[in-house]
Every structure is written in structure tokens, then in C-alpha cells.
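Subject: Structure handover

Hello,

Please find the structure below. My notes on it follow.

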Amino acid sequence: MKIEGSHLFKSPGEKVWNCLIDPQVLARCIPGCEKLELAGEDSYNAVLKIGIGALKGTFISHIRLQDKQPLSQYKLVVEGEGGLGFLKGEGLIRLAASGAETNVSYSGEVQIGGLIASVGQRMLQGFAKQTISRFFSSLARETEVASESALTSNN
Amino acid sequence: MAVAKYVCTRTKRKEDRRLITGLSTYVDDLKLPGLLHVAIIRSIHAYAKIKSIDISSAQKLPGVVAVVTGEEIKDKLGSVPCAAQIPDLKVPRHPVLAIGKVRYVGEAIAAVVAGDRYVAQDAADLVEVNYEPLAAVVDPLKALEPGSTVIHEECKDNIAFVTKTAAGDVAKAFREAEAPIIKQRMINQRLIPMAMETRGVVAQYQPGDKMLTLWSSSQIPHLLRTLVAGIVGLPENHVRVIVPEVGGGFGSKLNVYREEGLLAYLAMKLGRPVKWIEGRRENFLATIHGRDQIDDVEIAVKKDGTVLGLKLKVVADLGAYHQLLTPLIPGLTGAMIVGCYRFPNVSIETYGVFTNKMATDAYRGAGRPEATYLIERVMDLVAAELKLDPVAVRQNNFVPMNAFPYTTPTGLTYDSANYQNCFQKALEMANYKGLREEQKKLRQQGKYMGIGISTYVEICAMGPSSGMPAGGWESATVRIEPTGKVTIYTGSSPHGQGQETTFSQIAADELGVPFDDIIVQHGDTSTVQYGIGTFGSRATAVGGTAVYMALQQLKEKVGKLAAHLLKTDSSAFVLEGGRVTLKGDSSKSMSFFDLAQAAYHAKSLPPLPPKMEPGLSATAFFEPSNYTFPFGAHIAVVEVDPETGEINFKRYVGVDDCGRIINPLTVHGQIHGGIAQGLGQALLEEAVYDENGQLITGTLMDYAIPKSVDIPWFELDKTETPSPVNPLGVKGVGEAGTIGSTPAIVNAVVDALAPFGVRHLDMPLKSERVWQAIKNAKPRA
Amino acid sequence: MIPSNFEYFAPKSVPEALSLLNKYQEDVKVLAGGHSLLPQMKLRLAAPKYVVDIGRIPGLAYIKEADGKISIGALTTHYALESSALLKQKCPLLSETAAAIGDVQVRNRGTIGGSLVHADPAADWPAAVLALNAELKVIGKSGERTIKAEDFFVEMMTTAIQPTELLTEIRIPQLPARTGSTYLKMHQKASGFAIVGVAARVTLDANQVCQEVSIGITGVTSKAYRAKSVEAELRGKKLDSAAIKQAAQKATDGIEALADLHASSEYRSHLSRVYTRRALEAALSRVK
């Protein structure tokens, strides 16, 4: 399954970049991320819980950030496996900052296998889009918090 | 025959009362003391090395009796068998459980045995398989290329076999073509047979007498017995196979599967009976698929539409392993590619290719629907190219009526037919001329009606043993019991065809006994003499003939015995109304009951003559001298919504000739179901593997089979051309509907789209595909 | 096709059911007709530890009319809605939608409440309740609340209902005179769900001018939605083919049509426009 899209952040490039490579921020923003542990340089072991309606599953995952070009782009590699099957994804995340705004575009390919691939195809694209959109919304809040952290303390 | 009271009548099926009221026994209905349940762990990767399998958590789950893996069985069990004999055929090892590598999603890796099915499934979820995924080979054309990943190391490449045949002078035919050579690639997409009852196996082993009993939902009990004995290494006479009620097969149960070997092994290992019932998801993944060919056709024609020659290249996607007949199916496409037509110049190249998918094998029609689809699309392509009426093109090319028996360039001998007559009848029923006029009017109103024609011939009554991998005869025993009741034992074990009814009809007429006094026994290798099974539209033509032959032997004995008991020298008796009566002298008559009593008590006065054995039983093994070749003409009329691509049926007309008809009800049942399944291929069905070899149409939520709302009203009729191949004159009808309908429907849709310049569309004709074709064509129109 | 282990409860009253939901929170699923939950459980996509079967609670299956409003109990089956004489007369959109669901077996067992709470992105009911401005009555430990249909569908298979709440009733406001409606759907041939489903209703004044129009669309994106741009375009206009055709072009404004094996995003968008136009024309033709 091909995945691509973009999200416009109302934050400058550096803030967005820092959030995008900060494991703590990522752990908070990746929907269903229950655990994110450093496994090596730019490499993490994660437990991702997905839930949609009655459907629930846990993916034991490995996440890598590769070919980092600071403030510009990196490659995100995610592999996970669980009772529902497995997923393997690779995507390029690119930043284009313009003043106080930053456009983040992503394009990649996700391979899904096992139970979920054979029974869930009609839901997959919608679920993927929903997950990505949640991720970017959370990340947008994080970048805004990062931008305004001096002013706000009640969050 | 005696008086035909039942044959040729719409006799209601004896099977139906028990089926409809839920009183049948299927494999899953079996309950044996101490029965254990098996769940199977299947690969989630299309191609991967198995690095390790951790079964420890599964073993610890309370209620689990055993967990087995490929490692355990690899030296104990033989390969899953393939019966195909093709020169230089590559036959890779097909293990009961994967050894070292998995080669398709759904391949069995390990099995859990537990006290109940729920615990077995829970434990299966606890088995951890550690894979090293490899790049899967999914596209058969890429699999053919040098340098492609090789699926079976021992095979060097992915080409399981190549066959090339030619007849006539194809090069000359193509040189002499009067119109541009027509070339078309057509896809016969992969289908899933989808029997209502999934597969299921129960196995029990008695160590005392070393007897293994295997219950399986199968079309071939005796072949299964021989081949399972081979997998587990038991003498064949220590294996008994029982096939209880079978809820459909469509060819998918004409096979020997891993689970049959596995369950036999588990029963022997554990000394307890074991049961495995295939889930619907497993049925999608691990029961054979059908079709799956990429077909390239080239055709040379004269200006009047006469076909001069045809070149066919078949690339058949065989999947990862050979099942029983996998490599043989594509050959049937080549064999039947000439259809009802008489052109002599043909060349056929067939490539059987391994891919990382479930095996393909015989699915209703098995190679012939593919052939009929191709040649019937070709006829329409010729008509479109030469601006001729597709009716005329067909009529111009038919094998003429006086040419039968007709030997085709592919080496078959068509037994009997009258294609013109059958076609004419269909055209009249449909009011073809009227339809064309209506089409013209509707087109002016922006409505897109299409008329699709298909005339087909198929090969049935499989078949002479010379053409079959494991014998092509069939057997029957008919017994008149001491009370005069009749029991028929047939080797042709049915799975929905209604042999209990049709064979009883034949026997009731031959013996003149009441229909309800006859029962038909099948499916148990301990009670039924060796037989071949039910497939290839052979049950009536071959199995029914065996019954008929046994009845003739029996009647001879009945005549001799009656003559003896009634003290006459004549042997001319009339068998009617449960009595045996001397022809022309009704005073010399006795009931079947009295006759049977005399035969079995063997002490009646006068005593049996010296050379007459007691009892009243006869067995026949019928070896057919040829196949039979039923034929027909189908016409579909559809309307396409040009805005959405949706297809609606307006009419469906079919005239089928299956030779002499024993029971019009069961014949209609077969034709109805067949048309529905053929419609499925034309419009709805497709097993889709993604580029990584995942089957993404893995449930009935995504794999569309035809439902009642999708099926048009059928206007059916028949012609009846008896086959000279068997004394009943029957040809076979199990697959005819599937073969005739697919091209008729596709031709109708393509015809509807003719104003948009559309010449061909690949199946299934989902509305989006139709819409795209219209959209792409619009700028040109 | 063998579900995981679960504990089964069959409460006899709503408070009893609510107390179970409160007790087990995230680990519990409510079972109504079972046509969405049970297949997921059999595939082991869902493995709730506790299942609360509300099918035995009396008094949750009804179709009533009071003060012009129609009230439907959450456990009312699709078949009951399809065959209701009251609905055929007062709110035919509901009986038409019900008739378009699945097959006879599904309609005999499945319930409107179960379908709405499951919120399958291609289910039929969401389009209808959106087009009818329905209100959904839910009940929780702290009492009742009413959620507008428009606020009910949050995301794919996610609604505004909390895991500790039960949907008990669907209320349809009275339809004014001179209203016409329809539900048109392209069936996905395997599942019977909608590739596109459009529920439309229009109300005209005496001069054939569109007073009110609402359109609910399902199957296109991750949740059913109101085609507000189309509605805005038509409100206050005299309705004719040209106006409808033009407005229907906006059926997917602001919507990202999803793709699956059965329809690409482009095709779904196209079908949304065609079906919206056809649904509006049919609804218009039914105004009396």
C-alpha cells in the first residue's frame, strides 16, 4: 500500500525537525505507542497497540530513522509483528520550511501481511490515513507547545 | 431398457429430504470417543526461511496433547502426491508440514492437537514462528524470466514444464491470412472454488489390527486411500477411507491434501482419533484455486471470417507446489482450443510456472472454460475486425454435422453433435434479429445493450484410461438382496450431483422394481469395490454406465433363474411392477421377493441348476472407449450503465446438449449452478494476491461469489444428441453451464461497449473496469 | 473461525447492562444482533474478555410515533424497519435503507443500534440518520444524553458514544409536508456494504423552491458525512435537473475518497456525484 500526503505545521522548521526526531515526542504522538525504547543510534524498540472499534492488536515493533539530513529529510523504517499479522513500512519524510510554517510531506510504501492483510483490506487505507492524521495532529500540538512553552504552563 | 418409467422423468432427488432437514452426516458431524482436535499454524509470508519455531508456550497450555512441526515428520511422511505425467515435469517435494521454508501464505507449518477446538486454536496462536522473509515471486511472467528468484532450489528455475504441440501448417495459414493477424492477450483470472462445506478430516487408528480409518470430504475415496497409504507408509489394505455427505467440491476435493496425511499421522502417533475442520479462511488460503492463466492468442482469418489457423501461448500460474493434477489442467485448455470449429492449423505452447501462491488445480471445467473463453472471444474479435455478425462467423466455422466422429487437430475425437441446430434453436429463442434491432434503437437513445454469444463444446465422461493418470473406468455392484430390495454400490462417490437418484432411476427401470426399493451406497472403501470418483462430468456417463452394465449381467441371471423356477426354456422375461413375467404368458410370473428368496436360500424346489451360483449380485467395471463431447449455445443480453459501468442482465438464453437425459431436474440443477459460477468468473470473482504474495481477498467480504440477486432468469432448452460412446447415450453436464456462460456474458458486455471502440476487457468485469473503458474511449468516440 | 475465550453476560435490564459496562470498561463489548462483532471475534480480530448481550433486555425493539416524532428502539432489526407500515407511510427513507442492507438473514438478525454504534464506514444507516437529522439517545451511569447524528460519527468505527454507554433510541424529527426522500446505493458485490450510498431528502415550498435539503453519504470516506456544499447550493433554489446536476458535482467537496480493492478513490468520487444527482432527482420526484 502506497502512502503519501503532507501536513502544514504552523511552526518553524527547526522546531518541527526537533520534534520529528525526538523519541519522547514520537512516543507521545504515534497513536497507540505504549513503549518506545532506544535500541541503538536512531533505532528503537516499540510496542504499538492498535484499536479500532472492537478490533484490537499489539505489534512488537522496531523503528529506525535513517539517512538523516538535518532540517530536511529522513527515512523512517517501521517493522512490527503481532497476532494480527505483520507490517513493514518505509517512507521518506521531507521538511520544507518557509518562515513560521513548515510543510512536512511523506511518501512511502507499507507492506501488510498475515490475518489483517487477508481480511481487512477494505479498511486498511482508511485506517492508515486516520492513524497518520492523528499522528500529525498530535505532533502539531507538540510543536506548538514547543513554540509556546515559554508562555503556557497549564498544558 | 425395460419400460422407461423413471429415466427421462423429472424425478425428485432422494437425497434432498435428509439434506434439507439437516439429517445428513458430514465429516464435522462425527463424534468419536476420545476425539482430539487439530489446529494448524500457517505461514503469514509468501516466501520465507523458517529460522525457528518455538512451540513451548503452546505445549504448556492445559489441554494440549501434542504439537508437531515439519522437523518431526520430515523423515516419516512421504510427499503430498501429484499424479501428472508430463515429460520432464519438475515435481518438487511437497511436504505435509513445511520443512525449512514456506512458499505460500497459508502453507501448513505446524499443528496443535488438543482436547477441544478452542484450546487447539488458542495454542496455535501461541506457536511462535521466526521467519526470514524472502522476496516473493508473484507474477508468473516475471517468474519465467532468467534470473528470477527460484522457488524450489532443487528445480533450477520456476518453469515446471513446457509443452509445445502443433498440427497442420500454421506458418502457411498465417501467410495466407486475408486480414491482419488478430492478436489478443486474455487473462483467465485465479478463482477460489468455495464449496459450501469446507474440507474436513477425521482419522482413527486401531493399533491391534493396524487399521487406519480416514473420514474426509473428498470426491475420490479410493484414490485417496491408495495415496494416503503411500504418505504414511501403510499397506493400502490397512487403510479405509469413508467419505460421508459432501457439501460441494467443484473439483477442489478431487485431491489429496496435506491435512489428510497429517491427520493420519497424528492418529497413528497418538492412538486417539483426531479431527480437523477447515475454517473458511483456511479454505481461501489452503484449498486449491482454479484457472489463473495468461493466454496469448493469434489468429489468421480469411475475409469471410473463416479461421485458417491459431497460435496459443498459455502461461499457467501453478502456485508453489503441485497438487494431484495441477500440471495437467493447462493442457486441457490447449486440447479444447479449437472449440466447435473446424480449422486444422493450430500451435500451442504451454508454460507451467511456479509462484509463491496456493496451487491451482481442477476447478469446475478445469482447463476447458479457459479454452472456450478464448475461442469464443476470438470469434467475436474476428467479427469485430471484419465487421461481420458474430453469428455468421460461428456458423461459417462450425464442424459440419456430417463430419462426426470428428478428429480435431489437437488429437481428440468428438463423438457426436449438431452445432448448427443447437445454435439455431438458441438464436430463435432469443429472437436474435429482434435483439439486434432493439440494440440499434437503444443506442440511438444513448442506451448500451449488448448481445453476447457463446457456442461451446466440452470434453466429459473422463475418460478412457489411456488419457487419465490413474484409470478412467468406473465400477458398480448391483445386489438384489434376499428380500428383493436393491442395493447399488458405486465407485463414483457424489458430492452433490444426485447419483443416488439418477442411478436408482436407471436400476428401477431396468429391474422393474419400485424406485424407493433401491438405495445407492458410495464413499466407503470397505464396502464399495475400487472406483475412480466423481469429477470431469463422468458420474452418469461412466459411473452410470457401470451401473447399467452390472444390471445387464444381473438381468441375465434373473432371467436364467426365473426360467428355472417357472419351468420354461425361454429367457424372455418382462421385469415390471416388482415381478418377473414370461413375455406373452402372464401365468408364468413371480415376484422379485420370491425370486430373491430362491436365489439366496438356494434350496428351493427344484434346486438351483448345477452351474448357477447362489445369490443375486453383479459387478461391472466400465472402461469407456472415448470421452464424450457435450455442446451448447448460450446468449446473454445485458445493459451497461455508461455513467457508472454497472451491468444489468436483460435476458439469458441457453440451449445445452448433454446427450440423453436421465433426469431433467438434476440436469437443470447442474446448468443453473454452472451458469451462476461462470457468471462469477465473468463479472465478480478474482483471487487477488498483492505484490508480496498476500491473499487480500481472504474472506467473503472481499471475494464476491454470485448471489441470487446477481443471477438473471434463465430461459433454457435442450437438444438431445445421444453419445455413441456409452449404451446410455449420455454425455455429462456437470461443467457445461460454467463453460458456456463466461464467454457469453463477457461477449455481451464487450458488445454493449462496441460504440466506444472497446474490443476486449479482462475479467472480472467489475463496474469500475467497465467505467474506465468507457472513459478512456470517450475522446475517440 | 474459532473465537478466543470470553465471558458472556445476558443482562435483563439497561441498568444491569450499564453496571457491567462500568465494571469492565475497555475489556467489554456490547452484543446486539451480532452481525459486526461476531465475525470479528471469529476471525480473532476482536477478542473482548467480556461480552454483554443486550438482546435479552425487553423493551428495546420498537417503532413508535408520538407528537410527529418517530422513535425507534436500538434493538429493532433491519427487517422490522424494512417492513414497518408506519415507516413506509411516515418515513419511507428508513424502510428503503433497511431494505438495502445485506441479505435476508442479515436483516433478520442485525439491528439499527448495533450498526450505528459499530460505525462501519460503508454501513447504510449512517447515511440515512444523517439525512434525517436524527437524534441518538444514549444512556450511561450518570443518565441520558442526546447526540445529534451529525456529531455521532467521529472516525472510522468510532462514535461519540462512550464504552460505558448504551445507545437506546433513535429519534427522527417530523418531516414537513412536501418532502421526498430516497436511499440509493451501489452494493459492493462481496460484502453487500455500500461502495457509495446516498440518502437524500428534499422539502419544497408551494413554488417548487427547495426549502430544506439534506444528504447523507456513506461508503466514500472513513465515516458517513453530510454533503453540505451540495445542500447549500440547492437551498432556496428552484429544483430542476440542471440545478441538481450542478450541485451534485460538489458531493465530495472537502472529502478524501478512499480506495480499496473494489473501487479507486477516483471512481468513488465519481459515483458519489452520480448517485447524489440520481438520489436528488428521485427524492424530488417523490415530493407530493
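Helix 15 (residues 499-511) and helix 16 (residues 539-565) of chain B pack with their axes 10 Å apart, at an angle of about 30 degrees. Helices here are DSSP runs of H or I with at least four residues, strands are runs of E with at least two, and both are numbered from the N terminus. Axes are lines fitted to C-alpha atoms, for helices over the stretch in contact, and angles run from 0 to 180 degrees between N-to-C directions. Helix 15 of chain B is therefore roughly parallel to helix 16 of chain B (under 35 degrees is roughly parallel, over 145 roughly antiparallel, 65 to 115 roughly perpendicular, the rest oblique).

This is a predicted model, in which local features need pLDDT of at least 70 and side-chain atom pairs count only at pLDDT 80 or more, while totals for chains, interfaces and linings use all residues. Residues are numbered from 1 along each chain as its sequence is written, and chains are lettered from A and ligands numbered from 1 in the order in which they are written.

Among the residues of helix 15 of chain B that meet helix 16 of chain B are B:Phe503, B:Ile506 and B:Leu511; the helix 16 side includes B:Gly543, B:Gly544 and B:Val547. Contact means that C-beta atoms, placed from the backbone, lie within 7 Å. By class, this contact has eight nonpolar, five polar and two charged residues (Ala, Val, Leu, Ile, Met, Phe, Trp, Tyr, Cys and Pro are nonpolar; Asp, Glu, Lys and Arg are charged; the others, Gly among them, are polar).

Also in chain B, the axes of helix 7 (residues 221-232) and helix 8 (residues 258-270) come within 9 Å and cross at roughly 60 degrees. These two helices of chain B are therefore oblique to each other. B:Leu224, B:Val228, B:Ile231 and B:Val232 of helix 7 make the contact with helix 8, whose residues there include B:Ala264 and B:Met268.

Between chains, 16 residues of chain A are in contact with 18 residues of chain C. On the chain A side, helix 4 gives the most, with eight residues. The residues on that side of chain A divide into eight nonpolar, five polar and three charged.

Chain C has 12 helices and 14 strands. Its C-alpha atoms fill a box of roughly 60 × 45 × 35 Å along the principal axes. In chain C, 65% of the contacts between residues at least 6 apart in sequence join residues at least 24 apart.

Regards

Notes: Two residues are in contact if their C-beta atoms, placed from the backbone, lie within 7 Å.
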